[in-house]
Amino acid sequence: RTGSLVDIVVNASPDHPPWSLWPLHRLLSQHMRVLFACHTHSSVGALPANLSFLTAGPDRGPLAESRMSHDLALTLVWKQVDENCEVMVSPMLQAAIVGEVNLIRYLGRLLSPSYESGDAVTATEMDYWLSLAHHGVIHGKNKEQQAVLKALNAQLGRTPYVLGSVPGLADIALWSALLQANLACGAPNNVKKWLKTLSANPIFALPEGCHVLSDL
């Protein structure tokens with residue numbers, strides 16, 4: 001932290017884009033000034049075609065306005081890391097938080113209200129679905145992934161979103177995980193309907209040029 005600026009750097013592999021950053025960025029921007037930028041580390045020769053538009057530029061690189069005019073500087077760096085993104089919450093100290101679900105938890109604490117502001121039961125349910133996104137989808141084999149899809153399909157048969165009538169962090173985590181694992185197109189009916197609903201929500205809009213949900 002420098003003055004009132006919270007500085008967060010996310011190192012992520014181009015093979016495992018942390019799509020959750022886009023809805024989280026929009027949610028955070030509703031109550032704070034967020035500077036969001038993308039860069040490519042020298043360890044990455046060239047981005048894949050589906051990410052080539054996510055390089056530093058007028059809309060994605062550092063803006064001309066001062067960093068100190070913002071509350072949060074959120075920088076995504078494409079870098080050769082494994083499937084777990086690395087979240088540098090203190091770039092000066094190089095203190096890393098590992099894994100996209102932990103990135104979601106960290107940024108969720110900056111939301112207003114914070115994701116931890118609910119009751120213990122809701123928080124436990126949230127952690128359950130975040131864990132499924134991480135262990136069952138991103139790190140799971142086909143058997144574990146199909147089990148998560150089955151559980152999610154059943155849950156979405158009861159509620160329009162994972163934990164109720166509005167999308168939340170569990171939706172963001174599972175949505176991003178399913179996109180990374182290429183499970184969207186073969187998903188069961190309730191999950192497909194949910195994905196289509198999210199894709200129509202401006203909060204979940206992917207960057208221009210990204211077509212990972214075009215076959216739904």
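The structure holds one cavity of 30 Å³ or more. A cavity is a set of points, on a 1 Å grid over the protein atoms alone, where a 1.4 Å probe fits but cannot get out. The structure is a predicted model, in which local features need pLDDT of at least 70, side-chain atom pairs count only at pLDDT 80 or more, and totals for chains, interfaces and linings use all residues. Residues are numbered from 1 along each chain as its sequence is written, and side-chain values use heavy atoms, with hydrogens and water left out.

The largest cavity has a volume of about 40 Å³. Volume here is the space filled by probe spheres set on the grid points, which are joined across faces, edges and corners. Its lining consists of H16, P17, P18, E83, N84, C85, G99, E100 and Q180; lining residues have an atom within 4 Å of a point. Three of these residues are nonpolar, four polar and two charged. Ala, Val, Leu, Ile, Met, Phe, Trp, Tyr, Cys and Pro count as nonpolar, Asp, Glu, Lys and Arg as charged, and the others, Gly among them, as polar.

A pocket is an open set of points with protein on both sides within 12 Å along at least five of seven lines. Its lining has 27 residues, and L111, M126, P167, G168 and L169 lie nearest the centre. Helices α3 and α5 are the elements that give two or more residues to this lining. Helix α5 gives the most, with four residues. The lining divides into 14 nonpolar, eleven polar and two charged residues. Domain 1 (6-110) and domain 2 (120-204) each supply at least three residues. These bounds come from an automatic or database domain assignment.

Helix packing was examined next. Helices are DSSP runs (H or I, at least four residues), numbered from the N terminus. The axes of α3 (residues 120-138) and α5 (residues 169-180) come within 9 Å and cross at roughly 5°. Axes are lines fitted to C-alpha atoms over the stretch in contact, and angles run from 0 to 180 degrees between N-to-C directions. Helix α3 is therefore roughly parallel to α5 (an angle under 35 degrees). Contact means heavy atoms within 4.5 Å. Residues making it include M126, W129 and L130 of α3 and L169, A170 and A173 of α5. The contact has twelve nonpolar residues, one polar and no charged.

The axes of α2 (residues 100-108) and α3 also come within 9 Å, crossing at roughly 155°. Helix α2 is therefore roughly antiparallel to α3 (an angle over 145 degrees). Here E100, V101, I104 and R105 of α2 meet D127, L130, A133, H134 and I138 of α3. Five of these residues are nonpolar, one is polar and three are charged.

Key:
Angles under 35 degrees count as roughly parallel, over 145 as roughly antiparallel, 65 to 115 as roughly perpendicular and the rest as oblique.
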